[in-house]
Amino acid sequence: MRRLFRLESYRKKKPNSKEQDRPSDLSTGSSPTTPSTSQQQPIHQSFSASPPLHSTLPRLSLSQIKGPNKAKNQTENQQPGSQIQSPAQSDPLRWTGEDWDPALDDYWGERGRELGRLVVAIDLGTTFSGVAYGSSRIQSGENKQIVHWPGSQGTFRKIPTCIVYSPSGQVIAWGVEAEALGVLPAGYVKCERFISSLQPTAMKIGPEEREVERIDLRLPDLPPNKTVSQVMIDYLTHLWTYARDRITKDIGSLGDLDTAWIFLSVPAAWNDTGHEVMKSAAIDAGLVKRSDPRDTAWRDRLKVITESDAAAVYCAALTELHRSKILRNFIVFDGGGVGCDLTTYKLLGNPSRLDVTQVCPRSSANCGSLFLDFGFIDLVKCRLKDHPIHLNGPSIENYLHAFTETDKVIYRGEQDDETTFLFTTFNPEEPDDPAIGLINGELSIKGEVLRREVFDPIIDQVLELIESHLSQNTIRIDALFMVGGFSESEYLFARVERQFQNRIDLIARPGDCDVATVQGAVRYGLSKLASISSASRPESANLLRPLASPLAAHNVRAGSLRIVDVRRSMATQSKEEYDLVVLGAGPGGYVAAVKASQLGMKTLCIDKRGPPGGTCLNVGCIPSKALLDSSHLYHVAKHDFAKKGIEADVKLNLPKMLANKDAAVAALTGGVEKYLFTKYPVTYLKGTGSFISPTELKVAMPDGSEQTVGAKNVLIATGSEVTPFPGMEIDEKTIVSSTGALNLQEVPKKMIVIGGGVIGLELGSVWSRLGAEVTVVEFMSAIGAGMDGEVAKTFQKILTKQGFKFKLDTKVISAQKEDSGKVTLNVEGAKDGKKESLEADVVLVAIGRRPVTAGLNLEAIGVELDNKGRIVIDDQYNTSVKGVKCIGDVTFGPMLAHKAEEEGIAAVEIIKHGHGHVNYDTIPSVVYTHPEVAWVGKNEQELKAAGVDYKVGKFPFAANSRAKTVNDTEGFVKIMIEKETGRILGSAIIGPNAGEMIAEATLAMEYKASAEDVARTCHAHPTLSEAFKEACLDSFDKPVNF
């Protein structure tokens, strides 16, 4: 992944003439001062102008350095290295001796050693392991992480520390493949957590003593006749064999793995015995070996660094973090699988030189994330003690996989108390037991129970550990960096923030906190330091204790200092200057921020909601489409399966349907924040932004604090909000907006939808399919504003057949909440004035949306608004204030997420390059009901009003082969073309997958294609897209199949 900040671990020197004249192959015997011109080809032809020094220097193999003949003349009695000795045990790259050419001395001096060094770091963790590597020869010195592993379909920065043995003791799988094997036959052994056996306490006491002292390490069982060391050797052998192959394929000849420095990161709490066991296993696994008979220092290439020290290097390398002088002392919290370690460091000088020292004894405790897994399984076993069939191996594996892969990280504590977490069993035929949450083969557990029984006991220990460590520090602590896999936990981070925000200026976790250790180890290996100094010669302060021990509660008053989840940029209290500040993290805002980062701009994105994605991802497009899909599948299963010869007893589980919707939202919003904003570095502040001046903004944080940021450019993308109905209070229970309609806890018997637009018809469809009687009240004479008239009429007929009731040309007067819990809606005819009262369980207000500008302080800088509250812009997205641009729902045009995305990209390109463009004639619209409705370009009534000479082509899905085979034949494809040229002017589709099919029309219009161009393009058969081809044929000739 791209790094947010880069550590400059060495200083480049301008090459002198002697270096430029050096030959490319010293083994040829050419004079170093009179090279042949044919030998001066640079080895990196792909580099652009002004390549770094190392790109023009020759790369020498050890055989070239030693000379081709000396090795042959060496007798068998000579000991390795007797002729050539390394001048320093720590420098295996430089050779001296009788065959050493003095001309190489300058080349293999400090510059040569640093430029040629390849460093590989291995983090062999208790639960997960990772491999990173780096060299100044690789992508300008950037570190790289192995992310492709055997057995994985995607990319993973870490893989399970897991290995499986057959009954004969042979390794049959490791890593991802081993973890995926699940429950094994008798005699096979899955080895996990074996690294925990090297904990100091585990090596000192036996099982009986461990029981007496109540230290819960839960050490794993080992295969027969295997020691921990042998299991480590087997795992490291397979890991290293694969890693060597991946690294070799990646870097080719740019690095020599036989002479690479290998760094092993180990927990800070380990003692020398653990270090030696790890090093011995690594050597036996072949991580380092003699590269040449005279290579006597080969063992020195294997180095051990504590995880805390490696993480400290990584944090110190975030150079922008340390611009403020107050950030001098920082704590690294390394949350692992078994243990959590805290170490205090002082930043002594320039962080780019890694001038850091440890200044306080380390603290550690067995309270890592693995104990959450243990607690979860204990909870499940307790819940299902009367249902042993659900406690078989596959079910336990499935529960734990679901918990560890998703819930353990995204769980938010009190915010999720009312959330129901579902875990599938492998025996759905077993009778339900609602008393314990066992329904339809799924175990449901409330978030509050998970917090109380699983999370709080462990996180309380973490907080006690931090409290204890802080009490040992006599110096001011400026920052706490949270790294390691456990630090990814949202709840852990929130608890740490809450408890320590009044004592530590900055609490932060890097976006890639799970690999901070292995990345830091690589940076350390590429730096000049021999070690991280220890000013106080500290020893670890171990706080190993039983999990069940009572813990004191710490009452902490609310702090006034600014605390920000700064996964991307670690903002400080000093004013940051950005190339672009984006107000709003909706589809337009976050896409613009990512694009700006891709173009090299330092970018900040501000949003008050918290999770990015705006209305669309959080309470709009995404959750509504999840419910539309689920409700459609339910309706099909209940009403159409029998026609297809499928018999099923279909039941609605509304809580699970809503949970599925929430999971989709969490995955996408998390993807923006945790992946996109990390891959393309974007600083993300969760607060409310407002203007102080056109180049300065104030951000009000949720904790009441404020900070100021500077901006060369500002992009307003604050989106829109639900338009309220005058005199009607939305309580999101009986009178709801689209947000409340996404979270109804039961299916209403009767629902009234005020507004026959896209939002109202989509959400009305959801609840209609689930059993509600839906009535749509619309002021206009037709539904679907903006639709082609013919399509709108067909759409209304289909919805009526589905059970919808429509009251068009009807005006809503008022609404009253009755004591019975129902709502009475008073309406009257818009034309005849006839009054009527309608009763419903739920009324959905869906009369449109309005721009969000409140709180931006636009009046202070003079941004102009129109009479509808929209920000006025020109064709370059400029507002009336220089340097301030605007996109999306808050300005002109249709309120569509994809329109905002296109505008965001165009606006950023204009800022960066001076040009950008959006074709507003090719912005498609989609209604995700069933059938779907989609359109782009002009509709027929617009063409008539404009006096355009046009022709129409149509084709019904009833004549389409694919539609027939899936029994989904309602609707048609319609296109409008310019009569003279045949150019497509617009298209409307009502039918299956219309939202996907409209893309073809959009592309054709973007490139000004004619209907004949499309008709003469081969379309696969049978596909729904053939209907579009046939409609094009119909517009200038005749369709073939109708």
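User: Which loop is E732 in?
Analyst: E732 belongs to the loop between β30 (720-722) and β31, where helices (H or I, at least four residues) and strands (E, at least two) are DSSP runs numbered from the N terminus. This is a predicted model in which local features need pLDDT of at least 70 and side-chain atom pairs count only at pLDDT 80 or more, while totals for chains, interfaces and linings use all residues. Numbering runs from 1 along each chain as its sequence is written, and side-chain values use heavy atoms, without hydrogens or water.

User: What's the phi of E732?
Analyst: E732 has a positive phi of about 60 degrees, although E732 is not a glycine. Most residues other than glycine have a negative phi. With a relative accessible area of 32%, E732 is partly exposed, that is, between buried (under 20%) and exposed (over 50%), with a 1.4 Å probe and protein chains only.

User: And N967, where is that one placed?
Analyst: N967 is in the loop between α27 (961-965) and β44, and its phi is near 55 degrees, again a positive value in a residue other than glycine. Its relative accessibility is 56%, so N967 counts as exposed.

User: What about the peptide bond from H930 to P931, cis or trans?
Analyst: The bond from H930 to P931 is cis, with omega near 5 degrees, and P931 is found in the loop between β41 (925-927) and β42 (932-937). The bond from H1021 to P1022 is also cis, with omega near -5 degrees, and P1022 lies in the loop between α29 (1011-1015) and α30 (1026-1036). Most peptide bonds are trans.

User: How many bridges between β33 and β34?
Analyst: Strand β33 (residues 773-777) pairs with β34 in the parallel sense over 3 bridges, and the bridge partner of V776 in β34 is F806. On the other pairing, strand β32 (residues 750-754) meets β33 in the parallel sense over 5 bridges, with I754 standing opposite V777 in β33.

User: How many residues of β33 are buried?
Analyst: In β33, 4 of the 5 residues are buried, so the strand is largely enclosed by the rest of the structure.

User: Changing topic, how many salt bridges does the count come to?
Analyst: The count comes to 43 salt bridges, taking as a salt bridge a side-chain nitrogen of Lys or Arg within 4 Å of a carboxyl oxygen of Asp or Glu. One of them joins R476 and D478 at 2.7 Å, N to O, and D478 is buried, with a relative accessible area of 1%.

User: What does E940 form a salt bridge with?
Analyst: E940 pairs with K974, their closest N and O atoms being 2.6 Å apart. Because E940 lies in helix α26 (residues 940-946) and K974 in strand β44 (residues 972-978), the pair ties together parts that are 34 residues apart in sequence. Both E940 and K974 are buried. Elsewhere, salt bridges that share partners join D417, R451, D456, D460 and R495 into one network.

User: And K661, buried or exposed?
Analyst: K661 counts as buried, at 3% relative accessibility, whereas its salt-bridge partner D662, with closest N and O atoms 3.0 Å away, is partly exposed at 37%.

User: Last topic: how many aromatic pairs?
Analyst: There are 19 aromatic pairs, counting rings of Phe, Tyr and Trp (its six-membered ring) with centres within 6.5 Å, where planes under 30 degrees apart are stacked, over 60 edge-to-face and the rest tilted. The rings of F455 and Y491 have centres 6.1 Å apart and planes at 75 degrees, so this pair is edge-to-face. The pair links distant parts of the chain, 36 residues apart, with F455 in helix α14 (residues 447-472) and Y491 in helix α15 (residues 490-500).

User: Which aromatic cluster has F455 and Y491 in it?
Analyst: F455 and Y491 form one aromatic cluster with F376, F403, Y411, F421 and F423, and both F455 and Y491 are buried.

Conventions. Pairing = 2+ DSSP bridges.
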